[in-house]
Amino acid sequence: MDKLEQLKNWVEESENIVFFGGAGVSTESGIPDFRSVDGLYNQKYKYPPETILSRTFYVHNLDEFYKFYRDKLLCLDAKPNKAHIALAKLEEMGKLKAVVTQNIDGLHQAAGSKTVYELHGSILRNYCLRCGEPHTAEYIKSVDGPPPCLKCGGLVKPDVVLYEEGLNSDTVNGAIKAISEADMLIIGGTSLSVYPAAGYIEYYTGNKLVLINKTPTDRDDMADLLIHDSIGKALDFAVNGKTEE
Ligand code: NAD
């Protein structure tokens with residue numbers, strides 16, 4: 001049977017689907033991922049993205065961090081694509097119980113998804129490190145250099161998890177619980193190379209693990225159904241039965 005037909009059949013017969021995704025889910029919304037040919041690793045910077053997005057770099061190079069962050073991660077004009085929309089529809093149908101994402105762009109919620117575990121935080125939440133005052137992403141985008149708190153003048157930091165920082169334990173526990181209870185796990189748009197997040201897929205114990213990614217990953221062998229294709233196209237077909245643009 002055709003792989004997309006197989007995916008559609010499994011979605012139809014499953015009642016507790018969980019989706020685990022990464023930056024590849026949002027490339028069709030115009031946000032670059034890290035490891036594709038046109039991803040951030042293949043663009044020219046003084047430092048690799050993993051270095052810039054580390055706690056150590058943040059503490060010592062605030063100006064450079066915020067420049068990169070505004071240019072490459074603070075994509076406030078991006079809109080949900082077919083993948084986000086199909087997943088929101090699956091949740092509304094009562095079939096999908098949770099989206100677990102490594103993304104920080106908020107596009108799953110923009111598409112209508114309600115239960116979203118954002119393992120790496122969100123660009124849409126920003127807090128003053130001194131007094132805790134929340135600030136909008138639009139404010140972070142609008143200023144030059146490190147954003148000062150509008151209330152106390154302290155430094156405002158996006159609520160995104162930098163390399164060397166720990167993940168929120170409530171978010172991790174919720175994600176692990178959802179994955180361990182799922183009857184179908186769809187993994188998509190992720191190189192599965194960022195830990196500890198990538199390790200959470202090990203909590204799935206069922207026999208309908210679908211891996212949808214444009215390029216091979218180190219974990220392809222664990223998939224019951226492996227699809228090397230566009231995540232938007234695959235999910236749109238699985239939920240709406242069509243693949244045309
Ligand atoms: P990654 O860049 O390591 O891997 C992305 C994978 O998605 C690649 O293997 C690529 O082949 C695949 N891909 C790209 N476009 C695709 C498409 N349309 N359909 C199917 N597959 C596609 O991303 P990662 O594994 O998520 O790890 C990078 C880290 O940086 C994560 O924490 C990630 O969330 C974060 N990040 C987030 C954003 C965002 O919020 N949109 C953007 C860049 C990086």
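How many Å separate the centres of domain 1 and domain 2, taken over C-alpha atoms? The separation is 27 Å. The model is a predicted one. Its domain assignment places 3–30, 80–120 and 166–240 in domain 1. Domain 2 covers 40–73.

## Helix α9 and its cover

Helix α9 spans residues 231–240. It is mostly covered, with 8 of its 10 residues buried. Those buried residues are I231, G232, A234, L235, D236, F237, A238 and V239. The cover over them includes two helices, α1 (3–13) and α5. Strands also take part, among them β1 (17–21), β7 and β8.

Two packed helices are described by the angle between their axes and the distance between the axes. The table sets out both pairs.

| Pair | Angle | Axis distance | Handedness | Contact residues by class |
|---|---|---|---|---|
| α5 and α9 | about 30° | 8 Å | left-handed | 7 nonpolar, 2 polar, 3 charged |
| α1 and α9 | roughly 50° | within 8 Å | right-handed | 6 nonpolar, no polar, 3 charged |

## α5 against α9

Helix α5 runs from residue 82 to residue 92. It packs on α9 at an angle of about 30°, and the axes lie 8 Å apart. Angles under 35 degrees count as roughly parallel, so α5 is roughly parallel to α9. Their crossing is left-handed. On the α5 side, the contact uses K82, A83, A86, L87, K89 and L90. On the α9 side, I231, G232, L235, D236, V239 and N240 take part. By class, the contact residues comprise 7 nonpolar, 2 polar and 3 charged.

An α-helix has 3.6 residues a turn, so residues three or four places apart point the same way.

## α1 against α9

The axes of α1 and α9 come within 8 Å and cross at roughly 50°. The two helices are therefore oblique to each other. This crossing is right-handed. From α1, the contact draws on L4, E5, L7, K8 and V11. From α9, it draws on K233, A234, F237 and A238. Here the residues divide into 6 nonpolar, no polar and 3 charged.

## The loop between β7 and β8

Strand β7 covers 184–188 and strand β8 covers 209–212. Several backbone features fall in the loop that links them.

Which residues does a cis peptide bond join? The bond lies between Y195 and P196, with omega about 10°. P196 sits in the β7–β8 loop.

L192 is found in that loop too. Its phi is near 55°, a positive value in a residue other than glycine. Is L192 buried or exposed? At 4% relative accessibility, L192 counts as buried.

G206 is also in the loop between β7 and β8. G206 is partly exposed, with a relative accessible area of 35%. Its C-alpha atom is separated by 23 Å from that of D229, which is 23 residues apart from G206 along the chain.

## E164

Another positive phi occurs at E164, at about 85°, although E164 is not a glycine. This residue belongs to the loop between β6 (156–160) and α8 (169–181). At 56% relative accessibility, E164 counts as exposed. L192, by contrast, is buried.

Terms used
Residues are numbered from 1 along each chain as its sequence is written. This is a predicted model: local features need pLDDT of at least 70, side-chain atom pairs count only at pLDDT 80 or more; totals for chains, interfaces and linings use all residues. Side-chain values use heavy atoms; hydrogens and water are left out. Axes are lines fitted to C-alpha atoms, for helices over the stretch in contact, and angles run from 0 to 180 degrees between N-to-C directions. Helices (H or I, at least four residues) and strands (E, at least two) are DSSP runs, numbered from the N terminus. Angles under 35 degrees count as roughly parallel, over 145 as roughly antiparallel, 65 to 115 as roughly perpendicular and the rest as oblique. A crossing is left-handed if the near helix is turned anticlockwise from the far one by less than a right angle, and right-handed if clockwise. Contact means heavy atoms within 4.5 Å. Ala, Val, Leu, Ile, Met, Phe, Trp, Tyr, Cys and Pro count as nonpolar, Asp, Glu, Lys and Arg as charged, and the others, Gly among them, as polar. Buried means under 20% relative accessible area, exposed over 50%, partly exposed in between (1.4 Å probe, protein chains only). Domain bounds come from an automatic or database domain assignment.
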